[in-house]
Amino acid sequence: MNCLHCHKYIDHLHNTSHVLVRDLSIFGRLVYLKVPRRKYYCNDCGRYPTQVGSPLKTV
Ligand SMILES: [Zn+2]
């Protein structure tokens, strides 16, 4: 991805965390969306821009 701050290309992945987002499905069941959040490290500006991926549905 590209750095959000200085727009240089980064391929150094720092870590990946997951965020659980509560969601209601169409059947009224409680559904959690697992959203991956990748944290990168930018060598150029020394910051940690994060990239939020597409949610994975877990029941
Ligand atoms: Zn940067």
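The questions and answers below concern a predicted model.

User: Which protein atoms are the donors of the zinc ion, and how far from it do they lie?
Analyst: In sequence the donor residues follow the spacing C-x2-C-x35-C-x2-C. The donor atoms are C3 (SG), C6 (SG), C42 (SG) and C45 (SG), and they lie at a distance from the zinc ion of 2.3 Å.

User: What arrangement do the four donor atoms make around the zinc ion?
Analyst: Ideal angles for four tetrahedral donors are 109.5 degrees. Four donors count as tetrahedral if all angles lie between 85 and 135 degrees. Around the zinc ion the four donor atoms subtend angles of 106 to 120 degrees, so the arrangement is tetrahedral.

User: How many residues apart in sequence are the parts that the pair C3 and C45 ties together?
Analyst: Both C3 and C45 are donors of the zinc ion through SG. C3 lies in the segment before strand 1 (13–24), whereas C45 lies in the loop between strand 2 (30–40) and strand 3 (50–52), so the pair ties together parts whose separation in sequence is 42 residues.

User: Is C3 buried or exposed?
Analyst: Under 20% relative accessible area counts as buried. The relative accessible area of C3 is 1%, so C3 is buried.

User: Which residues make up the largest nonpolar core?
Analyst: In soluble globular proteins, nonpolar side chains tend to be buried together. I10 touches M1, C3, Y40 and C42, among others. The largest nonpolar core has five residues, namely M1, C3, I10, Y40 and C42.

User: Are the rings of Y41 and Y48 stacked, edge-to-face or tilted?
Analyst: A search of the whole structure finds one aromatic pair. The ring centres of Y41 and Y48 are 5.0 Å apart. Planes under 30 degrees apart count as stacked and over 60 as edge-to-face. The planes of Y41 and Y48 are at 45 degrees, so the pair is tilted.

User: Which residue has its charged end over the ring of Y48, and at what distance from the centre?
Analyst: Y48 is partly exposed, with a relative accessibility of 42%. The residue whose charged end sits over the ring of Y48 is K39, and its distance from the ring centre is 5.6 Å.

User: How far apart in space are V35 and V19, C-alpha to C-alpha?
Analyst: V35 is in strand 2, and its relative accessibility of 11% makes it buried. V35 touches V19, as well as residues including S17, V52 and P55. V35 and V19 are 16 residues apart in sequence, and their C-alpha to C-alpha distance is 5.1 Å.

Technical notes. Residues numbered from 1 in each chain as written. Predicted model: local features only at pLDDT ≥ 70, side-chain atom pairs only at ≥ 80, totals over all residues. Heavy atoms only, no water. Phe/Tyr/Trp six-rings, centres within 6.5 Å; stacked < 30°, edge-to-face > 60°. Buried < 20%, exposed > 50% of the residue type's maximum accessible area, 1.4 Å probe, protein only. Lys NZ or Arg CZ within 6 Å of the ring centre and 35° of its normal. Core = buried A, V, L, I, M, F, W, Y, C linked by side-chain atoms within 4.5 Å. Contact = heavy atoms within 4.5 Å. Donors = N, O, S within 2.8 Å, 3.2 Å for Na, K, Ca; no water. Tetrahedral: all angles 85-135°; square planar, octahedral: opposite > 155°, others 65-115°. Helix = DSSP H or I, 4+ residues; strand = E, 2+ residues; numbered from the N terminus. Lists of a residue's contacts leave out its neighbours within four places in sequence.
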